[in-house]
Amino acid sequence: MAERKSKPNSGLGVFDRPDRRRFTATEIIAVALSIVWLLGAGLFFWNVPQEEFGTSDEGKTLRFVMTLMAIFLPIAMIWVAAAAARSSRIMREESRRLQTAIDAMRQTYVADQQAKGMQVRPSVEEKLDQIAEATKQTETALATFATSRDTSPLKARTKPEEPQSDDQPGLALGTPAEDLAPPLDKSDFIRALNFPDTAEDEIGFTALRRALQDRKAAQLVQASQDILTLLSQEGIYMDDLRPDRARPEIWRRFAHGERGRQVAGLGGVRDRSSLALSAGRMREDPIFRDAAHHFLRVFDKQLIEFEEVASDEDMVAFAETRTARAFMLLGRVSGTFD
């Protein structure tokens with residue numbers, strides 16, 4: 001078997017075992033102090049006459065014990081201090097190496113998430129593309145329907161106008177079509193903000209088409225679609241977030257203009273990686289920042305109007321949508337709830 005050659009380390013090896021066998025300044029100082037103390041204590045006891053302790057056996061024993069204590073006890077204390085200093089140095093090195101390893105793992109994780117966001121085509125991004133395609137088909141169908149009706153008023157204009165009753169005044173010419181449409185149902189509005197789950201979600205696509213026919217709801221749907229697409233590029237998906245649920249009264253307080261601790265519960269997103277990636281993208285990407293601020297403004301306006309007619313059950317369902325989760329994430333990153 002060929003002998004494996006170790007590659008030269010270009011920097012600090014995070015997982016290399018530190019060299020604990022080499023002598024440091026602490027050990028050298030301890031050796032020097034020990035030698036000095038041995039010499040000093042030896043000279044002292046060599047010059048002390050034996051008659052100071054007597055000539056009896058007890059005196060000789062006392063002299064021997066005191067000599068041992070005077071010589072070796074300070075040396076032992078010196079080496080205890082040296083061992084403590086060495087242990088402290090090893091602990092500092094291990095702590096520094098552990099911090100370096102954690103930083104390397106964090107950078108690897110963020111780089112891997114960014115690579116996945118750019119190279120892999122996740123399922124949520126495919127859903128958003130399907131939603132965009134369905135939106136285009138819906139707009140095309142609406143345009144076709146409007147075009148097919150353009151010729152019918154020409155024939156109607158040749159007929160004499162019927163008198164209108166006082167209870168039903170006539171509409172002025174040029175009234176927008178969205179003003180003639182019935183108001184969007186709350187359930188359709190909530191369902192549209194959550195977007196269809198799959199390509200076979202007929203209920204979700206029906207609610208989405210109805211929401212796109214409403215001018216104000218369409219603004220929020222399109223802004224939400226844009227920001228969800230941008231978040232998916234960072235590997236952030238609303239289905240993965242599990243934010244803390246906020247009570248309906250907290251949403252109502254925010255809609256009424258309250259800020260600070262009273263509405264801090266709306267920033268219930270605890271996913272640190274999503275918060276860090278969103279904050280970094282907000283700082284570095286002006287397109288993402290503009291799209292996020294536009295989304296937050298449109299969401300705030302729609303929330304004010306929706307809160308006036310929504311029940312507590314409607315507010316709970318509204319808060320569970322993907323659009324509301326994106327608002328909670330970006331609102332916490334941008335400090336909207338402060």
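Start at F195, which is buried at a relative accessible area of 1%. Buried means under 20% relative accessible area, exposed means over 50%, and partly exposed lies in between, with a 1.4 Å probe and protein chains only. This is a predicted model, where local features need pLDDT of at least 70, side-chain atom pairs count only at pLDDT 80 or more, and totals for chains, interfaces and linings use all residues. Residues are numbered from 1 along each chain as its sequence is written, and side-chain values use heavy atoms, with hydrogens and water left out.

**Stop 1: F195 and its loop**

Stay on F195. It sits in the loop between helix 6 (186-194) and helix 7. Helices (H or I, at least four residues) and strands (E, at least two) are DSSP runs, numbered from the N terminus. Check the backbone of F195: phi is near 65 degrees, a positive value in a residue other than glycine.

**Stop 2: the whole chain**

Zoom out. The protein chain has 13 helices and 0 strands. Of its 338 residues, 34% count as buried. Now think about contacts, meaning heavy atoms within 4.5 Å. Take those between residues at least 6 apart in sequence: 77% join residues at least 24 apart.

**Stop 3: helices 7 and 8**

Select residues 202-213 for helix 7 and residues 215-232 for helix 8. Two packed helices are described by the angle between their axes and the distance between the axes. Here the axes come within 5 Å and cross at roughly 120 degrees. Axes are lines fitted to C-alpha atoms, for helices over the stretch in contact, and angles run from 0 to 180 degrees between N-to-C directions.

Which residues of helix 7 and helix 8 meet? Show L208, A211, L212 and Q213 on helix 7, then R215, A217, A218, V221 and Q222 on helix 8. By class, this contact of helix 7 with helix 8 has 6 nonpolar, 2 polar and 1 charged residues. Ala, Val, Leu, Ile, Met, Phe, Trp, Tyr, Cys and Pro count as nonpolar; Asp, Glu, Lys and Arg count as charged; the others, Gly among them, count as polar.

**Stop 4: K301**

Is K301 buried or exposed? K301 is exposed, with a relative accessible area of 58%. Draw a line from its C-alpha atom to that of L220: the separation is 9.2 Å, for residues 81 apart along the chain.

**Stop 5: helices 10 and 13**

Next, select helix 10 (residues 272-284) and helix 13 (residues 322-334). Their axes are 10 Å apart, and they pack at an angle of about 65 degrees. The crossing is right-handed. A crossing is left-handed if the near helix is turned anticlockwise from the far one by less than a right angle, and right-handed if clockwise.

Color S274, L275, S278, A279 and M282 in helix 10. They meet L329, L330, R332, V333 and S334 in helix 13. By class, the contact of helix 10 with helix 13 has 6 nonpolar, 3 polar and 1 charged residues.

**Stop 6**

Look for the second largest pocket, with a volume of about 280 Å³. Of its 14 lining residues, the closest to the centre are V110, Q114, S273, A276 and L277. On a 1 Å grid over the protein atoms alone, a cavity is a set of points where a 1.4 Å probe fits but cannot get out, and a pocket is an open set with protein on both sides within 12 Å along at least five of seven lines; lining residues have an atom within 4 Å of a point. Grid points are joined across faces, edges and corners, and a volume is the space filled by probe spheres set on the points.

Which helix gives the most to this lining? Helix 10 does, with 8 residues. Helix 2 (57-119) and helix 10 each supply at least two. By class, the lining has 4 nonpolar, 4 polar and 6 charged residues.

**Stop 7: Q114**

Pick Q114, in helix 2. At 36% relative accessibility, Q114 counts as partly exposed. Q114 touches E234 and L277, not counting residues up to four places away in sequence.

**Stop 8: D338**

Finish at D338, in the segment after helix 13. D338 counts as exposed, at 70% relative accessibility. Show R259 and G260, which are in contact with D338, leaving aside neighbours within four places in sequence.
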